[in-house]
Amino acid sequence: MEILPVAPEKLSLEELRSFRQFYDFIQMKDMTAPATVTAAYRAFRFLYFYGAILLHERRYASLNRCWDDLRARFSRFPAFEDGVFLESWIFIDFPLDLTGRTVLDEFAAFCSSIPEAQAELGSFIENARRSRLGLHQEIISTGRTTKYRELITGKVTSTLRSVPEYEHGEIFLGRIIASGSDRFLLGDPKCFPPTKLDSLTSMV
């Protein structure tokens with residue numbers, strides 16, 4: 001899929017090597033998951049690449065300041081090294097200006113001009129727009145599914161079990177996103193034991 005058409009003859013060897021690395025990155029060979037989950041992560045990696053271009057071009061000063069500040073604060077902690085948790089908030093939720101426009105909105109506008117990109121990534125873009133970071137408490141699990149109750153809204157959502165091990169009632173700070181007929185926690189959520197429920201609810 002030609003989401004970022006370029007003229008290869010105009011690229012340096014290092015740039016060609018970077019594009020090769022990106023191509024390998026979006027082939028998802030490092031992931032074993034249901035097709036719906038793999039498709040969402042593949043789409044997120046395209047969004048990540050687009051966001052990285054905006055950062056490199058310094059197109060939005062607010063985006064670079066946000067990126068530099070959050071990475072400086074949190075990237076030294078192993079819990080934030082999954083490449084999704086911080087980055088999904090920056091690219092999906094962070095407002096670039098007073099209009100509230102996000103990197104996801106810029107990415108959607110870019111994809112709208114490329115039929116192949118719109119066909120492959122359009123549903124992810126809409127699902128990402130409807131998602132947000134939230135505090136979700138596990139209420140019941142099976143080997144394949146996990147049902148969560150969001151602490152702020154009380155909304156109950158049934159998801160694919162994307163976190164293999166946790167205790168009953170554990171609380172997750174994460175983003176539940178839809179893909180096809182499935183829903184799952186995107187990235188590596190941050191976890192709190194059930195004993196922290198009162199402390200967490202008092203802060204929101």
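Biologist: What joins β1 to β2?
Modeller: A hairpin does, through three residues. Strand β1 covers residues 133–141, and strand β2 covers residues 145–150. This is a predicted model, where local features need pLDDT of at least 70, side-chain atom pairs count only at pLDDT 80 or more, and totals for chains, interfaces and linings use all residues. Residues are numbered from 1 along each chain as its sequence is written, and side-chain values use heavy atoms, leaving out hydrogens and water.

Biologist: What makes β1 and β2 a pair?
Modeller: Pairing asks for at least two DSSP bridges between two strands. β1 and β2 have five, and they run antiparallel. They therefore pass. In β2, Tyr148 stands opposite Glu138.

Biologist: How do you know that β1 also pairs with β4?
Modeller: Five bridges link them, again in the antiparallel sense.

Biologist: Why is Asp93 called partly exposed?
Modeller: Buried means under 20% relative accessible area, exposed means over 50%, and partly exposed lies in between (1.4 Å probe, protein chains only). Asp93 has 24%, so it counts as partly exposed. Asp93 sits in helix α4.

Biologist: Which residues does Asp93 touch, leaving out those up to four places away in sequence?
Modeller: Ser88, Thr102, Ser131, Leu133 and Arg175. A contact means heavy atoms within 4.5 Å. Asp105 is twelve residues from Asp93 in sequence, and their C-alpha atoms are 9.8 Å apart.

Biologist: What makes helix α5 mostly covered?
Modeller: Seven of its ten residues are buried. Asp105 is one of them, along with Glu106 and Phe107. The buried residues of α5 pack against α2, α3, α4 and α6. In the protein chain as a whole, 42% of the 204 residues count as buried.

Biologist: What makes a set of residues a nonpolar core?
Modeller: The members are buried Ala, Val, Leu, Ile, Met, Phe, Trp, Tyr and Cys residues, joined through side-chain atoms within 4.5 Å. The largest core here has 38 residues, and Leu47, Leu63 and Phe124 have the most contacts inside it. Elements giving two or more residues to this core are α2, α3, α4, α5, α6 and β5. The most come from α2, with ten. Leu47 touches Phe124, and its other contacts include Phe91 and Phe107. A second, separate core has six residues, among them Val163 and Phe172.

Biologist: What lines the largest cavity?
Modeller: Val84, Phe85, Ser88, Leu133, Gly174, Arg175 and Leu186, where lining means an atom within 4 Å of a point. Both α4 and β4 supply at least two lining residues. By class there are four nonpolar, two polar and one charged. Gly counts as polar, Arg as charged, and Val, Phe and Leu as nonpolar.

Note on methods. 1 Å grid on protein atoms, 1.4 Å probe; cavity = no way out; pocket = protein on both sides within 12 Å on 5 of 7 lines; lining within 4 Å. Helix = DSSP H or I, 4+ residues; strand = E, 2+ residues; numbered from the N terminus.
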